[in-house]
Amino acid sequence: MQPSPNPSRANIAGWLYVSPLIAVLLPFFVAPILVVLAASFFATDGFGGLTPGFTLASYVEVLHSTLTLKLYLATIKFTALTWIFTLIIGFFVAYFLVFHVRNQLLAIGLFLLCTVPFWTSNIIRMISWIPLLGKEGLINQALLGMGVIRQPLEVLLFSDLAVVIAYVHQLTIFMIVPIFNSMARIDKKLIEAAIDAGASRFDIMRLIVVPMSKSGIALGTIFVVSIVMGDFFVVKVMSGGGSASVVSAFYEDIGVLQYPTAAASAVLLTLVLVAIVSLILRTVDIRQEITR
Amino acid sequence: MSAVLVDMPETVAPATTKAIAPSKGGRPWTFYVLAMLFALYVLALYGPMFCIYILSFQDIRGGLVFPMKGQSMHWFVDLFTQVRTGDVKGSFDRSIKLAVIVTIITVVVSFLAGLGFRKRFRGDTAVFYMMIGSLVAPGLVLGLGTGLLFQALGLNASWYTSALGAQLSWTLPFGVLVMFAVMSRFDHVWEEAAYDLGASRWQSIRLVMIPVLAPGLVAVALFGFTLSYDEFARSLQTAGSLNTLPLEIWSMTLNVTSPSLYALGTVTTIVSFIVIGASLGSIVLIQKKRGSRTKG
């Protein structure tokens, strides 16, 4: 950050540069959020018509139903499982690329290899599990062929397991990239110094690598948690309709034109998400982390 | 970061000759374990995708699982000619057009925002967090809000108005974050030299910054195009009566149970791969050109 000779001129220039960004975010982020907030207080005629007013009926309905608790528990379960698996895989993949691959060009190549699927369709990557996990899929065929099982396993596809597999498949990249970035900034001399001082491999991991990757882990966590909590199509397709999450219930509500209930549920979810994200942000200055 | 160093206990122990430094000496056993994990990860990443590409080339008897039943292009022809699979051609067309528009806007707006965020200005943190909010907000909720907003204003939702805006609320934060990374590697000396030589602000942007930052701008374009082309949750309530390609795929997953679905997956992935390859290729080309110029 360069000091500016004239602060008010710098302010005007700054705002001019970001004004196109604001011109998009105000109508397509701020306004829609406010509309959903407003709709959550409106009454409905049950046919998609909204009556402007102020009632807390939708919130009472959402908070009183035992379904809400179940949905949140399911969502938290999916989020926690996905978070743990993406963190473990992402951390060690990044660690391997940064500390074990000695040829820098090869490391970048392997890193790109991990990122390419991110730029392809999520839905396609999700349905690509069907030929593998299905009742007559490859995994069942292989297990039957080896004589491990007699009946094809039905829990592989259209189950909670399939949902978690699809999430981990899609989201591990969101852990790899930020953790890779923070690990790449660790000075290798630091680790050599630690070895010279007699640190074991475990000590190096515990005292240097993990603490110094914390900001990457925090960033990855924000991505993974917000995407899983905001998702509905993976849950809907991969569970075969057997499981639901907060947003997939929201989707059903929209389908039957229950806008105020859906909006109230969305507002609650957003509050939960904001709480989680700001809790994570307290441990890391994300802006300084990204701009540096 | 320096706080971490202070926290480290001052252990004094005799230096060891064992190769525990991953960057030196013989390979420690962890190398082989982690290499295995990495290989498995890449296999799990690409394996399933390649299964559906292979299965999409079955003939008319084909099903959704292995073994392959014959080889033909039947399901690709089926995809673009059959009515029951929906308007694939039209949605394909719309998605490409929309992605091009989104890419152009994303590159320009992210570049300008990247310039703006280089210096602190009053209220910059608020703008920054607004952007982060737009990134992490559940797409379906934003989409519904945008849809209701258009309804309330009496506007018709369509792919080139409401869906365009909804997608930008997703691609722009990514674009600006990539710009941050790009800008942090930009040496201010170039720009100052341009000013010293009498360049105007616009000249320094056009003749110095854009050429120097070109690879980063290509990366922003790659994010803009692919994120828009595959965007689903935010488009669902905002695309109006005409579908984009991911919406078409979504409706197919719910009611088409033939390899047509896989054929569509193959086609859309080929488009993605072309875009990724062209972007990465042009970045490499730009870098190579620079290398040869400095050498010569």
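This is a predicted model: local features need pLDDT of at least 70, side-chain atom pairs count only at pLDDT 80 or more; totals for chains, interfaces and linings use all residues.

User: How should I read the packing of two helices, and at what angle do H13(A) and H14(A) cross?

Analyst: Two packed helices are described by the angle between their axes and by the distance between those axes. In this model, helix H13 (residues 246-255) of chain A and helix H14 (residues 259-281) of chain A cross at roughly 160°, and their axes come within 9 Å. Angles over 145 degrees count as roughly antiparallel, and H13(A) and H14(A) are therefore roughly antiparallel to each other. Their crossing is left-handed.

User: Which residues of H13(A) and H14(A) meet?

Analyst: From H13(A) come Val246(A), Val247(A), Ala249(A), Phe250(A), Asp253(A) and Ile254(A), which meet Thr261(A), Ala262(A), Ser265(A), Ala266(A) and Leu269(A) in H14(A). By class, this contact has eight nonpolar, two polar and one charged residues.

User: Which residues of H4(B) and H10(B) meet?

Analyst: Val88(B), Ser91(B), Phe92(B) and Ser95(B) in H4(B) face Leu245(B), Leu247(B) and Glu248(B) in H10(B). That contact comprises four nonpolar, two polar and one charged residues. The axes of H4(B) and H10(B) lie 8 Å apart, at an angle of about 145°.

User: What does a nonpolar core tell me, and how many residues has the largest nonpolar core here?

Analyst: In soluble globular proteins, nonpolar side chains tend to be buried together. Here the largest nonpolar core has 157 residues, and those with the most contacts inside it include Ala162(A), Phe250(A) and Leu140(B). Helix H8 (residues 160-184) of chain A gives the most to this core, 13 residues. Beyond its neighbours within four places in sequence, Ala162(A) is in contact with residues including Trp129(A), Leu133(A) and Met238(A).

User: How many residues does each chain bring to the contact between A and B?

Analyst: The size of an interface is often given as the accessible area lost when the parts come together. Counted by residues, the contact takes 86 from chain A and 83 from chain B. On the side of chain A, the largest share, 21 residues, comes from helix H1 (residues 7-39). That side divides into 59 nonpolar, 18 polar and nine charged residues.

Technical notes. Residues are numbered from 1 along each chain as its sequence is written. Chains are lettered from A and ligands numbered from 1 in the order in which they are written. Axes are lines fitted to C-alpha atoms, for helices over the stretch in contact, and angles run from 0 to 180 degrees between N-to-C directions. Helices (H or I, at least four residues) and strands (E, at least two) are DSSP runs, numbered from the N terminus. Two residues are in contact if their C-beta atoms, placed from the backbone, lie within 7 Å. Ala, Val, Leu, Ile, Met, Phe, Trp, Tyr, Cys and Pro count as nonpolar, Asp, Glu, Lys and Arg as charged, and the others, Gly among them, as polar. A nonpolar core is a set of buried Ala, Val, Leu, Ile, Met, Phe, Trp, Tyr and Cys residues joined through C-beta atoms within 7 Å. A residue is buried if 20 or more other C-beta atoms lie within 10 Å of its own, exposed if 12 or fewer, and partly exposed in between; C-beta atoms are placed from the backbone. Angles under 35 degrees count as roughly parallel, over 145 as roughly antiparallel, 65 to 115 as roughly perpendicular and the rest as oblique. A crossing is left-handed if the near helix is turned anticlockwise from the far one by less than a right angle, and right-handed if clockwise.
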